[in-house]
Amino acid sequence: MQIQPGDIVFVINPNSGNALHPRQLTAMCRAGTEQAGRRASVVETRNPAEAAAAALAAHEAGAAAMFGCGGDGTLSSILQGLPVGSQTALGAVPLGTANVWAYETHLPMTPLAAVTAQLAALDGTQGEAMWIDSGRVWLTRADGSIASQRFLLMASWGLDAAAVNGIAGSERRRRIKRVLGEPAYFLSAVQEAIGRRPWSISYSLDGQPPRAVDVGLMTIGNTRMLGTWLEVNPQATVVDGELDLLLFEGAPWRSLALSPFARHGWLPHGPGVSNVKFRRLEVTLLGETPPMQIDGEIGPHTAYAIDVEPRALRVLCPNPSASVLGG
Ligand SMILES: [Mg+2]
């Protein structure tokens, strides 16, 4: 179906293994959209590249909003296709394992309620379509070429990415994830932390002199949560034009030992823990390349800088009072 100006576009991955059958999900999205007096377009995509291409097509056709039906990875794929400043707003039908964006912005967690609430935000009858910041990671690919990737939530180096990687690389841990859901990441982090040495890097914030450190975990947050368990950047908002850095120096097990505090947003202060805001971060790797995740996805790349893109993305916020939205 041809996308028309003002359409609400839904990206559905028919192979994602959601609890809902794609046909049921499509019917629900259409019903919610028609109730709001708008036209729905449903696009089936099989991989992140197709989702990004669909997002660019929706933007070019003048779609009012594009909903990712899935987890945070689906939203990230759409973000890669939306140009900075696109009027096409991003929405979420939360169907992933963690749904961190939906959790942090207090979206309804059932598909029909999520669509209805976010379309009310688009029309301004409940909440609003807000302009928020996004992050951009600059990286070098394996072939030496330079590329960049936008992020909505968080990028991180170290133990957290090692835990994500550990699940991707082990059938046993994947099985545990299917049963336990999000706590499987914590178990994977415990396994990854045993006997692992920190990674040596040098970093510079906003053009300040570089600082060399041994890192166990380093998160760069547009939002606050690492998963829906750990509030690692409790001061972060997506409207302050800055990103938040949390840096745990020392062995990875140390950041693991401190994580119960982050569970409640109580970050320890003192030597070896930094928590600051910035607009541009530059990184030089001094030893082994630390694993890195960008919005939960591990990629075969080496990042060298991260920028904030102030008010670069329009999102549907039925509850603008959520603290990460600056409310
Ligand atoms: Mg911010």
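Domain bounds, as I use them in this notebook, come from an automatic or database domain assignment. I keep in mind that the model is predicted, that local features need pLDDT of at least 70 and side-chain atom pairs count only at pLDDT 80 or more, while totals for chains, interfaces and linings use all residues. Residues are numbered from 1 along each chain as its sequence is written.

**Domains**

I looked up the assignment for the protein chain and found domain 1 (8-126) and domain 2 (134-311). The C-alpha centres of domain 1 and domain 2 lie 26 Å apart, and the contact between them takes 13 residues from domain 1 and 17 residues from domain 2, where two residues are in contact if their C-beta atoms, placed from the backbone, lie within 7 Å. On the side of domain 1 that touches domain 2, H3 and helix H4 (100-104) each supply at least two residues, and H3 gives the most, with 6 residues. I sorted that side by class and noted 7 nonpolar, 4 polar and 2 charged residues; here Ala, Val, Leu, Ile, Met, Phe, Trp, Tyr, Cys and Pro count as nonpolar, Asp, Glu, Lys and Arg as charged, and the others, Gly among them, as polar.

**Whole chain**

I noted 9 helices and 17 strands in the protein chain, helices (H or I, at least four residues) and strands (E, at least two) being DSSP runs numbered from the N terminus. Of the 327 residues, 45% count as buried; a residue is buried if 20 or more other C-beta atoms lie within 10 Å of its own, exposed if 12 or fewer, and partly exposed in between, with C-beta atoms placed from the backbone. Among contacts between residues at least 6 apart in sequence, 73% join residues at least 24 apart.

**Helix H3**

I went back to helix H3 (residues 72-81), which is mostly covered, with 8 of its 10 residues buried. Among these buried residues I listed Asp72, Leu75, Ile78 and Gly81.

**H8 against H9**

I then followed helix H8 (residues 183-193) and helix H9 (residues 252-262), whose axes come within 9 Å and cross at roughly 145°; the axes are lines fitted to C-alpha atoms, for helices over the stretch in contact, and angles run from 0 to 180 degrees between N-to-C directions. From H8, Ala189, Val190, Glu192 and Ala193 meet Pro252, Trp253 and Leu256 in H9. The residues of this contact divide into 6 nonpolar, no polar and 1 charged.

**Ala162**

Ala162 is found in helix H6 (residues 159-168), and I count this residue as buried because 24 other C-beta atoms lie within 10 Å. Leaving aside neighbours within four places in sequence, Ala162 is in contact with Glu192 and Pro291. The C-alpha atoms of Ala162 and Pro290 are separated by 8.2 Å, although the two are 128 residues apart along the chain.

**Positive phi**

I checked the backbone angles with the reminder that most residues other than glycine have a negative phi. His106, in the loop between H4 and helix H5 (111-123), has a positive phi near 60°, and His106 counts as partly exposed because it has 19 C-beta neighbours inside 10 Å. Asp206, in the loop between strand S8 (199-205) and strand S9 (211-221), has a positive phi near 50°, and Asp206 counts as exposed, with 12 C-beta neighbours inside 10 Å.
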